[in-house]
Amino acid sequence: QVQLVESGGGLVQAGGSLRLSCTASGRTLSSYAMGWFRQAPGKEREFVAAINWSATNIYYVDSVKGRFTISRDNAKNTVSLQMNSLKSEDTAVYYCNTIKIWPRTVLDAWGQGTLVTVSS
């Protein structure tokens, strides 16, 4: 059974940075495209960023372009999301998942996510 585990969230002031990490048990992530998603209070979960298995194709939602960077280390079975210049609207629970890039499809059950709170 696949278990996705996100970490690295926390409380940060606007303009600050955080680095989120995602790892998995029961799944070799190097075989899959990976995505980061987020769910703000009272809102639906939304796509944030995606990276294919070889890191040659990367996608971002417009609201994070130039501020967030998705990366992966297949040897360590991890995917990361570097978040810079954080804004209050980035406050959300962040999740990772294995995905098909097109059409964008989530493949595994969601983990517990990691909470990012940006104070203004």
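This short talk goes through the salt bridges of the structure above.

Please keep in mind that this is a predicted model, in which local features need pLDDT of at least 70 and side-chain atom pairs count only at pLDDT 80 or more, while totals for chains, interfaces and linings use all residues. Residues are numbered from 1 along each chain as its sequence is written, and side-chain values use heavy atoms, with hydrogens and water left out.

Side chains of opposite charge can pair when their charged atoms come close. The structure holds 5 salt bridges, a salt bridge being a side-chain nitrogen of Lys or Arg within 4 Å of a carboxyl oxygen of Asp or Glu.

Let me begin with Arg27 and Asp108, whose side chains meet in a salt bridge at 2.7 Å, N to O. This pair links distant parts of the chain, 81 residues apart, with Arg27 in the loop between strand 3 (18-25) and strand 4 (33-39), and Asp108 in the loop between strand 10 (105-106) and strand 11 (114-119); strands here are DSSP runs of E, at least two residues long, numbered from the N terminus.

Are these two residues buried or exposed? Arg27 is partly exposed at 22% relative accessibility, whereas Asp108 is buried at 14%, where buried means under 20% relative accessible area, exposed over 50%, and partly exposed in between, with a 1.4 Å probe and protein chains only.

Next, Arg38 and Asp90 form a salt bridge at 2.9 Å, N to O. Arg38 is buried at 5%, and Asp90 is buried at 1%. Salt bridges that share partners join Arg38, Glu46, Arg67 and Asp90 into one network.

Finally, Lys65 and Asp62 meet in a salt bridge at 2.9 Å, N to O, and here Asp62 is exposed, at 60% relative accessibility.

Methods: Helix = DSSP H or I, 4+ residues; strand = E, 2+ residues; numbered from the N terminus.
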